[in-house]
Amino acid sequence: MTAQLIDGNALSKQLRGEVAKRAAALRERGIVPGLAVVLVGENPASQVYVRNKVKACQDSGLHSVLEQYPATLRQADLLARIDALNKDPAIHGILVQLPLPAHIDAQKVIETISPAKDVDGFHVASAGALMVGQPGFWPCTPYGCMKMLEAIGYDLKGKHAVVIGRSNIVGKPMALMLLQKNATVTICHSGTQNLKALTLQADVIVAAVGKRNVLTADMVKPGAVVIDVGMNRIPDGEPGAGKLCGDVDFSAVKEVAGWITPVPGGVGPMTITMLLVNTLEAAERG
Ligand code: NAP
């Protein structure tokens, strides 16, 4: 079997087109959805991520401001800046790019963002809302994975979903979202014994680990849906060295799975797209 590809670029294009239309409708009412992106320090990867986020906003007709501060910024000054953004009526969403310098308490920073503007969905209020099934912002990466399942018309009811990884930003919220759609969910982590025995039972596998080839073809049930969240680089000395790859052994797993997301061009673009969706919804909620 050769799996069908779930194309994150194509789905993103469609969803961003819908965001642009809704943003235009808001503008007619005098509201321009606005996202503030805050970057502290000079981490090169973070600089690329924030530039991509700001550009995606502009391309979809959202207003965005990028605030860059040196790595020496005091925590108190960052909190004061977030407080000002909380009160700024032109800003509907606030994103603080992680990681932050070691002297800054990232959780404290996240908790300072107003839950009404927490478009990354990392605030405990957002996490709690997801937990109890109340409206709130869903973290963009797992939200994007759910949109991919929705796009292929996959009914999760009664299906067994295995999530590999339990981080607060991907694995745990992913599991809750799958549960909300009535899947039976297993969460795996570094202490899980016999991962293969679990993944072989799965109708849906979400790999969110950050290690190449965590999921190989012998671990996948024929026809399963495989979503690859991982972002890794192929090490020096191997074919394709330096290129982006996921957690899944893509070329072999695609021969077994029914559906599969590629890396790049899968979950990555969906993450930014869901940030736009959340920002738009923050503006619509007013
Ligand atoms: P993280 O915080 O490092 O979490 C990784 C998780 O994987 C942990 O729960 C860890 O278990 C688990 N794990 C580690 N080794 C394992 C193994 N051998 N078997 C099973 N589980 C194992 O990472 P994250 O922030 O969730 O990100 C995961 C990956 O997704 C990374 O590659 C990241 O770059 C990528 N990512 C991509 C996007 C995107 O937009 N495409 C967005 C976010 C993240 P323990 O809890 O026991 O340590």
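Where does N194 sit? N194 is in the loop between β6 and α8, with helices (H or I, at least four residues) and strands (E, at least two) taken as DSSP runs and numbered from the N terminus. Bear in mind that this is a predicted model, so local features need pLDDT of at least 70, side-chain atom pairs count only at pLDDT 80 or more, and totals for chains, interfaces and linings use all residues. Residues are numbered from 1 along each chain as its sequence is written, and side-chain values use heavy atoms, with hydrogens and water left out.

- N194 has a positive phi, near 50 degrees, in a residue other than glycine.
- N194 counts as exposed at 54% relative accessibility; the scale here is buried under 20% relative accessible area, exposed over 50% and partly exposed in between, with a 1.4 Å probe and protein chains only.
- N182 isn't a glycine either, yet its phi is positive at about 70 degrees.
- You'll find N182 in the loop between α7 (171–180) and β6 (184–188), and with a relative accessible area of 47% it is partly exposed.
- L98 and P99 are joined by a cis peptide bond, with omega about 0 degrees.
- P99 belongs to the loop between β4 (93–96) and α4 (106–112).
- Going from V263 to P264, the peptide bond is cis, with omega near 0 degrees.
- P264 is placed in the loop between β11 (259–260) and α10.

**Helix α6 against helix α10**

- Two packed helices are described by the angle between their axes and the distance between the axes.
- For α6 (residues 140–151) and α10 (residues 267–285), that comes to an angle of about 105 degrees, with the axes 8 Å apart.
- The axes are lines fitted to C-alpha atoms, for helices over the stretch in contact, and angles run from 0 to 180 degrees between N-to-C directions.
- α6 and α10 are therefore roughly perpendicular to each other; on this scale, angles under 35 degrees are roughly parallel, over 145 roughly antiparallel, 65 to 115 roughly perpendicular and the rest oblique.
- On the α6 side, the contact is made by C140, T141, Y143, G144, C145, K147 and M148, where contact means heavy atoms within 4.5 Å.
- The α10 side brings V267, M270, T271, M274, L275, V277, N278 and E281.
- Sorted by type, the residues of this α6–α10 contact are nine nonpolar, four polar and two charged.
- For that sorting, Ala, Val, Leu, Ile, Met, Phe, Trp, Tyr, Cys and Pro count as nonpolar, Asp, Glu, Lys and Arg as charged, and the others, Gly among them, as polar.

**Rings and charges**

- The aromatic pair count is one, using rings of Phe, Tyr and Trp (its six-membered ring) with centres within 6.5 Å; planes under 30 degrees apart are stacked, over 60 edge-to-face and the rest tilted.
- W138 and Y143 make that pair, edge-to-face, at 5.4 Å centre to centre and with 70 degrees between the planes.
- W138 and Y143 are both buried.
- R285 lies over the face of F137, 4.3 Å from the ring centre; the rule asks for NZ of Lys or CZ of Arg within 6 Å of the ring centre and within 35 degrees of the ring normal.
- K159 lies over the face of Y154, at 5.3 Å from the ring centre.

- D203 is in the loop between α8 (195–199) and β7 (204–207) and counts as buried at 19% relative accessibility.
- Leaving aside neighbours within four places in sequence, D203 is in contact with Y154, K159, H160, K221, A224 and V225.
- V109 is 94 residues from D203 along the chain, and their C-alpha atoms are separated by 38 Å.
- T184 lies in strand β6 and is partly exposed, with a relative accessible area of 47%.
- T184 and G242 are 58 residues apart in sequence and 37 Å apart in space, C-alpha to C-alpha.
- S60 is in the loop between α2 (44–59) and β3 (63–69) and is buried, with a relative accessible area of 5%.
- Not counting residues up to four places away in sequence, S60 touches R16, V19, A20, A23 and L276.
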